[in-house]
Each structure stands twice: as C-alpha cells, then as structure tokens.
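Open the model in your viewer and keep a selection tool at hand. The stops below are meant to be followed in order.

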Amino acid sequence: MKELIGSAIPFLASTAQALAAQGQSYPDHPHHWEWGWGHMIFGPFMMIVLVIVIVLVAVLALRWLGGHGPGQAASSQMPPSKTPLDILKERFARGEIDREDYEERKRALDL
C-alpha cells in the first residue's frame with residue numbers, strides 16, 4: 001500500500017503543475033485555439049473510459065478481498081457432507097435404533 005501511495009504522489013504533483021499551468025495565458029495564443037476540436041470529441045469518450053476503469057477496479061478489488069464471482073462455488077467454505085453410513089452410526093450412537101436395525105440398514109447401504 002505504501003508503494004502505491006508513494007507512486008501516486010509524484011503523479012498528483014505533476015498533474016497539479018499541469019493544471020496550474022493551464023490557467024496561465026500566453027500572449028501568442030490567448031485562447032489555445034491550436035488544439036482544434038479534438039478535445040471536445042475525445043473528452044466525453046475519456047470520461048466514459050474513466051468510469052469503466054473505476055468500476056472494473058472496484059469489482060476486481062471486491063473479488064480479491066473475498067467475494068465470490070458468478071462462476072465460483074462457495075462449497076470450499078461449507079463443511080463436508082455426511083455419508084448415509086455416518087448418519088446411521090450417529091443414530092445408533094444416540095440410541096434411536098437398536099443393533100438389529102443398525103446391522104440391517106448397514107447391509108442395505110453396502111449393496
């Protein structure tokens with residue numbers, strides 16, 4: 001995170017200098033007409049691109065922080081399911097069924 005902030009500071013400083021320089025007027029070109037009409041066409045396009053990039057970064061950050069995407073199953077966080085034999089053993093241990101029922105059902109499950 002410190003590297004990201006450290007690399008953003010020079011970028012922001014140069015951007016601030018560029019914005020400050022735009023406010024200066026030059027005697028030869030008082031209205032900056034030499035840029036033509038390109039900035040009026042590409043300005044809205046660049047804003048759309050900027051919004052798309054911001055949304056993509058937010059989505060990727062949320063996925064990286066632990067969200068599940070549409071194709072990912074959350075089964076890795078679920079406890080493993082019990083087999084029928086495990087359930088039968090638990091019922092026998094709790095006394096819900098007697099030994100005869102346990103042996104009979106166990107044989108039925110082994111088939």
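The tour starts with confidence, then moves to a surface patch, an aromatic pair and the salt bridges.

**Colour by confidence.** This is a predicted model, so begin by colouring the chain by pLDDT. The protein chain has an average pLDDT of 75, and 53% of its residues score at least 70. Select helix α1, residues 2-22: confidence is lowest here, with a mean of 64. Then select helix α3, residues 84-94, where confidence is highest, at 91. Where pLDDT is low, the predicted coordinates should not be read in detail.

**Select residues 41, 42, 45, 46, 49, 53 and 57.** Ile41, Phe42, Phe45, Met46, Val49, Val53 and Val57 make a nonpolar surface patch of about 670 Å². Valine 53, one of these residues, belongs to helix α2, residues 38-64. Its relative accessibility is 42%, so valine 53 counts as partly exposed.

**Select residues 92 and 102.** The structure has 1 aromatic pair. How are the rings of phenylalanine 92 and tyrosine 102 arranged? Their centres are 4.7 Å apart and their planes meet at 25°, so the pair is stacked. Phenylalanine 92 sits in helix α3 and tyrosine 102 in helix α4, residues 99-110, so the pair ties together parts 10 residues apart in sequence.

**Select residues 82, 90, 91, 94 and 96.** Across the whole structure there are 5 salt bridges. A network of salt bridges links Lys82, Glu90, Arg91, Arg94 and Glu96. Centre the view on glutamate 96, which is partly exposed at a relative accessible area of 47%. Its side chain meets that of arginine 91 in a salt bridge of 3.0 Å, N to O. Glutamate 96 also forms a salt bridge with arginine 94, and here the closest N and O atoms are 3.0 Å apart. Of these two partners, arginine 91 is partly exposed at 27% relative accessibility, and arginine 94 is exposed at 54%.

**Select residues 99 and 103.** Which residue forms a salt bridge with glutamate 103? The partner is arginine 99, with the closest N and O atoms 3.5 Å apart. Both residues lie in helix α4, 4 residues apart, about one turn of the helix. Glutamate 103 is partly exposed, at 30% relative accessibility, whereas arginine 99 is exposed, at 54%.

Definitions and conventions: Residues numbered from 1 in each chain as written. Predicted model: local features only at pLDDT ≥ 70, side-chain atom pairs only at ≥ 80, totals over all residues. Heavy atoms only, no water. pLDDT = per-residue confidence, 0-100. Helix = DSSP H or I, 4+ residues; strand = E, 2+ residues; numbered from the N terminus. Phe/Tyr/Trp six-rings, centres within 6.5 Å; stacked < 30°, edge-to-face > 60°. Patch = residues over 30% accessible without salt bridge, like charges linked within 9 Å, V, L, I, M, F, W, Y side chains within 5 Å. Areas by Shrake-Rupley, 256 points an atom, 1.4 Å probe, with all protein chains shown as cover. Salt bridge = Lys/Arg side-chain N within 4 Å of Asp/Glu carboxyl O. Buried < 20%, exposed > 50% of the residue type's maximum accessible area, 1.4 Å probe, protein only.
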